[in-house]
Amino acid sequence: MTALNQVYATPFFGKRGYYKGIDMAASESSVQYDGMELLHLYHQHPSIKLRNQLVEIHQGLVRKMAYKFRHQCYEPYEDLEQIGYFGLIRAIERFNPSQGYAFSSFAIPYIRGEMLHFLRDRSTLVKIPRRWQELYNEGQKIRKELTIFLGRSPKEIEIANKLHISLQEWQECKLAAQNRMPLSLDATYVNYIDYQLTLGDIIPCPRTAVLQQQEEERQLLQGAMSLLEDNSRMAVELVFLKEFTRKDAGKKIGASPMTVTRYLQKGMQDLIGYLQPQAESGVMSAEC
């Protein structure tokens with residue numbers, strides 16, 4: 001008895017008189033054959049219609065991968081499936097049937113890659129405990145259900161009771177979920193009529209504050225230096241700014257080192273007198 005006769009001799013027949021296993025195997029073989037035929041045809045004459053047919057034939061690859069990733073993350077299955085189709089389309093567009101390998105082996109890396117990119121972009125910099133992530137996601141579902149059932153927004157204590165946790169733990173879950181996403185410094189903080197105030201504008205930068213203070217002090221010093229007598233100003237600039245010795249500064253000015261010392265003393269006293277009132281007024285305005 002041949003292998004085929006042995007199969008037909010078994011009691012597992014379909015309604016139409018043939019073995020169900022043979023029917024299923026023939027169906028799968030037919031789909032694979034049709035898919036490869038379409039891939040050859042699409043490679044020679046690409047069109048959106050053929051591409052859509054190929055997507056429909058191979059959508060099982062996307063669903064299988066989406067189901068696998070669904071148990072490794074918190075993204076909805078539907079979102080993962082939709083992203084996976086982008087990878088499938090890329091694979092169809094780039095597949096060359098003449099190279100002789102299976103389309104599924106070629107397509108799966110594209111589908112997986114799209115899902116991984118999606119999950120990477122959606123991932124957060126701050127990792128929170130898995131239990132809190134699960135509670136937060138479940139709490140959001142309960143919030144929607146209670147809103148429909150009660151006809152109003154549910155109270156936080158009602159959501160916590162449904163989750164069988166304390167109100168404090170539910171609030172901590174919410175706070176952790178809200179703070180896990182980074183904020184852009186370009187995000188609008190206040191929107192005025194003529195301009196927008198961003199988050200970066202209101203956050204003080206220590207380095208910028210130091211540079212701004214140094215610039216203000218430099219301008220104050222320049223203004224005070226301009227009020228000094230010529231010899232005192234030259235002595236201060238040569239000795240303190242250009243680091244001349246008093247002897248070299250005296251040669252530049254045309255005076256003895258002792259005279260340069262007197263110019264420096266007078267210049268320093270005058271600078272203190274010019275700068276102190278401005279410093280005191282700055283402190284007074286800051287206190288006010």
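Me: Which of the 26 residues in the largest nonpolar core touch the most other members?
Reply: The model is predicted, so local features need pLDDT of at least 70 and side-chain atom pairs count only at pLDDT 80 or more, while totals for chains, interfaces and linings use all residues. Residues are numbered from 1 along each chain as its sequence is written, and side-chain values use heavy atoms, leaving out hydrogens and water. A nonpolar core is a set of buried Ala, Val, Leu, Ile, Met, Phe, Trp, Tyr and Cys residues joined through side-chain atoms within 4.5 Å, where buried means under 20% relative accessible area, exposed over 50% and partly exposed in between (1.4 Å probe, protein chains only). The residues that touch the most other members of this core are Leu80, Leu88, Ile92, Phe103, Ala107, Ile111 and Met115.

Me: Which element gives the most to this core?
Reply: Helices here are DSSP runs (H or I, at least four residues), numbered from the N terminus. Two or more residues each come from H2 (20-44), H3 (48-57), H4 (59-70), H5 (77-94) and H6 (103-122). With seven residues, the element that gives the most is H6.

Me: Is Glu81 buried or exposed, and at what relative accessible area?
Reply: Glu81 is found in helix H5. Not counting residues up to four places away in sequence, Glu81 touches (heavy atoms within 4.5 Å) Val62, Arg63 and Ala66. Glu81 is buried, because its relative accessible area is 12%.

Me: At what angle do H8 and H9 pack?
Reply: Two packed helices are described by the angle between their axes and the distance between the axes. Axes are lines fitted to C-alpha atoms, for helices over the stretch in contact, and angles run from 0 to 180 degrees between N-to-C directions. The axes of H8 (residues 156-163) and H9 (residues 167-179) are 9 Å apart, and the angle is about 100 degrees. That makes H8, relative to H9, roughly perpendicular (65 to 115 degrees).

Me: Which residues of H9 make the contact with H8?
Reply: H8 brings Glu156, Ile157, Ile159, Ala160 and Leu163 to the contact. The residues on both sides divide into six nonpolar, no polar and two charged. The residues of H9 are Leu167, Trp170 and Lys174.

Me: What is the phi of His164?
Reply: His164 is found in the loop between H8 and H9. At 73% relative accessibility, this residue counts as exposed. The phi of His164 is positive in a residue other than glycine, near 65 degrees.

Notes: Angles under 35 degrees count as roughly parallel, over 145 as roughly antiparallel, 65 to 115 as roughly perpendicular and the rest as oblique. Ala, Val, Leu, Ile, Met, Phe, Trp, Tyr, Cys and Pro count as nonpolar, Asp, Glu, Lys and Arg as charged, and the others, Gly among them, as polar.
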